[in-house]
Amino acid sequence: MTGFADKTVLITGAAGGIGKVLSRTFAERGARIAALDKNDDVVDFVNSLVADGIQAAAAIADIGSKDEVSAAIASLRAELGSIDVLVNNAGFSGASNLETTDEDSWRNDINGNLNGAFNCTRPVLQDMKKSGRGAIVTIGSVNGTTALGDPAYSAAKAGLINYTKSLAMEYGRFGIRANVVSPGSVRTPIWDHRIEREPEIFKRLLKWYPLGRIAEPQDIANAVAFLASDQAAAISGAVLPVDCGLSAGNIAMAREITQLEF
Ligand SMILES: NC(=O)c1ccc[n+]([C@@H]2O[C@H](COP(=O)([O-])OP(=O)(O)OC[C@H]3O[C@@H](n4cnc5c(N)ncnc54)[C@H](O)[C@@H]3O)[C@@H](O)[C@H]2O)c1
């Protein structure tokens, strides 16, 4: 799979900022797009893909609900055939610090971000086992490997890394690969509530990024498409940061120690 002709790619969170670009990127490479989202905007989005000649279908489901996910994947499979590639992209962040994280918001973040990926992966593994191949790419976050706020979300993203490594271990014998892409900040609607409080937040965050910019949704989609393709045939269990250098080190400390201005 360098291109994705005759392949069905299931993308969760397909109506979101990164999800839409993921869908278009896989479609440009020949894939049929099975688009799942809890937001009914996914229907209009899929209509726009179909209007552009792309084979695509939509399903509305909350990935935190096993039953909704099972029904959604069954209907997508009926329309587009068995799933060859799964992109676990749906996600959201809730409370920004431990002080404001109560039991409900903790459970909600873990359910939507970690259990949701588990719910989506289980049914798809059956398809992939039957065909003897498959690729799963999960969108983690730099928050999964270091503490940057959003503690429940971050714990869920950390959990996704180990879940992915378990998938890579146990399902490699069926030709199934599993990897994580870890974005740094990307300007998408996930930030809207924070930008409302703090309109200048992206300007302030830039100083943490060695490349002097943040990633675009297309940067994330390019990395996901690579990991899902045969060009990454020997890569499984990996965590690939797509974060403009953020996780390379601690830039504030590096500036102090090197006494360089970067
Ligand atoms: N934007 C960033 O800065 C950033 C950074 C690191 C990781 N990520 C991750 O990238 C992924 C995509 O986020 P985005 O930036 O495009 O955000 P977004 O808010 O634009 O899109 C997320 C999409 O997922 C859907 N979704 C959320 N929870 C869902 C659920 N329980 N069931 C079904 N659909 C659900 C939303 O309806 C939305 O369409 C997420 O996993 C997010 O955690 C984003």
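Guide: Gln259 sits in the segment after H9; helices (H or I, at least four residues) and strands (E, at least two) are DSSP runs, numbered from the N terminus. The structure is a predicted model, in which local features need pLDDT of at least 70 and side-chain atom pairs count only at pLDDT 80 or more, while totals for chains, interfaces and linings use all residues. Residues are numbered from 1 along each chain as its sequence is written, and side-chain values use heavy atoms, with hydrogens and water left out.

Gln259 counts as exposed, since its relative accessibility is 70%; buried means under 20% relative accessible area, exposed over 50%, and partly exposed in between, with a 1.4 Å probe and protein chains only. The phi angle of Gln259 is positive, about 55°, although Gln259 is not a glycine.

Cys244 also has a positive phi, near 55°, and is likewise a residue other than glycine. Its place is the loop between strand E7 (239-242) and helix H9 (251-258). Cys244 is buried, with a relative accessible area of 9%.

Helix H9 itself holds Ile251. This isoleucine, Ile251, counts as buried at 8% relative accessibility. Leaving out residues up to four places away in sequence, Ile251 touches Lys207, Trp208, Pro210 and Phe262, where contact means heavy atoms within 4.5 Å. Ser96 is 155 residues from Ile251 in sequence, and their C-alpha atoms are 22 Å apart in space.

The next stop is another loop. Asn97 lies between strand E4 (85-88) and helix H4 (103-131). Asn97 is partly exposed, with a relative accessible area of 32%. Its side chain reaches two backbone nitrogens: that of Glu99 at 3.1 Å and that of Thr100 at 2.9 Å. Such a polar contact is a pair of N or O atoms within 3.5 Å; within protein, one must be able to donate a hydrogen and the other to accept it, and residues adjacent in sequence count only if both atoms are side-chain atoms. Leu148 is 51 residues from Asn97 along the chain, yet 9.3 Å separates their C-alpha atoms.

Thr138 belongs to strand E5 (residues 134-139). Thr138 is buried, with a relative accessible area of 3%. Beyond its neighbours within four places in sequence, Thr138 is in contact with Asn88, Leu160, Thr164, Asn179, Val180 and Val181. With Asn88, the side chain of Thr138 makes a polar contact of 3.1 Å.

Now the ligand. The shell around the ligand has 28 residues, and the closest are Asp37, Asn89, Tyr153, Thr188 and Trp191; a residue is near a molecule or strand if one of its heavy atoms lies within 4 Å of it. The shell divides into 13 nonpolar, 11 polar and 4 charged residues. In this count Ala, Val, Leu, Ile, Met, Phe, Trp, Tyr, Cys and Pro are nonpolar, Asp, Glu, Lys and Arg are charged, and the others, Gly among them, are polar.

Some side chains come within polar reach of the ligand. In Lys157, an N or O atom of the side chain is 2.9 Å from an oxygen atom of the ligand. For Thr188 the corresponding distance, again from a side-chain N or O atom to a ligand oxygen, is 2.5 Å. A polar side-chain atom of Trp191 is 2.7 Å from an oxygen atom of the ligand. On its own the ligand has 820 Å² of accessible area, and the protein covers 93% of this; accessible areas come from the Shrake-Rupley method with a 1.4 Å probe, and for residues only the protein chains shown count as cover. Helix H1 (17-28) and helix H5 (151-171) are the elements that give two or more residues to the shell.

Last, the protein as a whole. It has 9 helices and 7 strands. Its radius of gyration is 18 Å, close to the 18 Å that the globule rule gives for 262 residues, so the protein is as compact as a globular protein of that length. The radius is taken over C-alpha atoms, and the rule is 2.2 Å times the number of residues to the power 0.38. Along its principal axes, the C-alpha trace spans about 55 × 40 × 35 Å. Of the 262 residues, 48% count as buried. Among contacts between residues at least 6 apart in sequence, 70% join residues at least 24 apart. The accessible surface of the protein is about 12,500 Å², and 52% of it belongs to carbon and sulfur atoms.
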